[in-house]
Amino acid sequence: MKKIEAIIRPEKVEDLKEELNRININGLTLCQVMGFGQQKGYKEYFRGTEVLLNVRPKVKAEIIVHDEQVEDVIEIVCEAARTGEVGDGKIFITEVVDAVRIRTGERGEEVI
Ligand SMILES: Nc1ncnc2c1ncn2[C@@H]1O[C@H](COP(=O)(O)OP(=O)(O)OP(=O)(O)O)[C@@H](O)[C@H]1O
Ligand SMILES: [Mg+2]
């Protein structure tokens, strides 16, 4: 199992949800976050430089998937979230060691 963390523009969330709905994904966590990338939040909006770092609102989408789903999800996120401008976001992929469905006590791959 892998965790796909995609940090994207808030206005791209609906597109992402629509795209994910077309494949067999049984869960999604969304959080509103603030962050910066290599432009430190500036060029993205062509603001002044009066503060050291300029964090911008983003949405973090977390999806736990089977290993064989990873590439499909990456493709879908990129298609849904890309504008071609700086600030489109990033995807981080990590190993998930276990999962638990609280209602039933099921463990591992069957939980997702
Ligand atoms: N190294 C990182 N660690 C944690 N979060 C990051 C990292 N890089 C980017 N992010 C998160 O992703 C968001 C979007 O980053 P962004 O797309 O600006 O990355 P970038 O590397 O600057 O690429 P680009 O040049 O296309 O803008 C940031 O606001 C931040 O929340
Ligand atoms: Mg950037």
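Is Ile 23 buried, partly exposed or exposed? With a relative accessible area of 29%, Ile 23 is partly exposed. In this talk, buried means under 20% relative accessible area, exposed means over 50%, and partly exposed lies in between, with a 1.4 Å probe and protein chains only.

Good morning, colleagues. Before I continue, some conventions. This is a predicted model, in which local features need pLDDT of at least 70 and side-chain atom pairs count only at pLDDT 80 or more, while totals for chains, interfaces and linings use all residues. Residues are numbered from 1 along each chain as its sequence is written, chains are lettered from A and ligands numbered from 1 in the order in which they are written, and side-chain values use heavy atoms, with hydrogens and water left out.

I begin with the overall architecture. The protein chain contains two helices and four strands, where helices (H or I, at least four residues) and strands (E, at least two) are DSSP runs numbered from the N terminus. Along the sequence, their pattern reads β-α-β-β-α-β. The C-alpha trace spans about 55 × 25 × 20 Å along its principal axes. Of the 112 residues in the protein chain, 37% count as buried.

I turn now to the ligand. Around ligand 1 there are 14 residues, and the closest are Gln 38, Gln 39, Gly 87, Gly 89 and Lys 90. A residue is counted as near a molecule if one of its heavy atoms lies within 4 Å of it.

Several atom pairs deserve mention. An oxygen atom of ligand 1 lies 2.7 Å from a polar backbone atom of Gln 38. For Gly 35, a backbone N or O atom is 3.2 Å from an oxygen atom of ligand 1. In the case of Gln 39, an N or O atom of the side chain is 2.9 Å from an oxygen atom of ligand 1. Taken alone, ligand 1 exposes 610 Å², and the protein buries 71% of that; accessible areas come from the Shrake-Rupley method with a 1.4 Å probe, and for residues only the protein chains shown count as cover. The space that ligand 1 takes is the largest pocket. A pocket, on a 1 Å grid over the protein atoms alone, is an open set of points where a 1.4 Å probe fits, with protein on both sides within 12 Å along at least five of seven lines. A molecule sits in a pocket if more than half of its atoms lie within 2 Å of its grid points.

Next, the loop between strand S3 (56-65) and helix H2 (70-81), where His 66 is found. His 66 counts as buried because its relative accessibility is 18%. The side chains of His 66 and Glu 109 are joined by a polar contact of 2.4 Å. Such a contact is a pair of N or O atoms within 3.5 Å; within protein, one must be able to donate a hydrogen and the other to accept it, and residues adjacent in sequence count only if both atoms are side-chain atoms. Gln 69 is also in the loop between S3 and H2, and at 18% relative accessibility Gln 69 counts as buried. A polar atom of the Gln 69 side chain lies 3.0 Å from the backbone oxygen of Asn 24.

Finally, the two helices. Glu 18 belongs to helix H1, residues 13-20, and counts as exposed because its relative accessibility is 55%. Ile 76 belongs to helix H2 and, at 9% relative accessibility, counts as buried. Although 58 residues separate Glu 18 and Ile 76 along the chain, their C-alpha atoms are 9.9 Å apart. By contrast, Ile 76 and Asp 98 are 22 residues apart in sequence and 25 Å apart in space, C-alpha to C-alpha.

To return to the opening residue, Ile 23 is placed in the loop between H1 and strand S2 (29-35). Its C-alpha atom is separated by 12 Å from that of Val 77, which is 54 residues away along the chain.

Note on methods: 1 Å grid on protein atoms, 1.4 Å probe; cavity = no way out; pocket = protein on both sides within 12 Å on 5 of 7 lines; lining within 4 Å.
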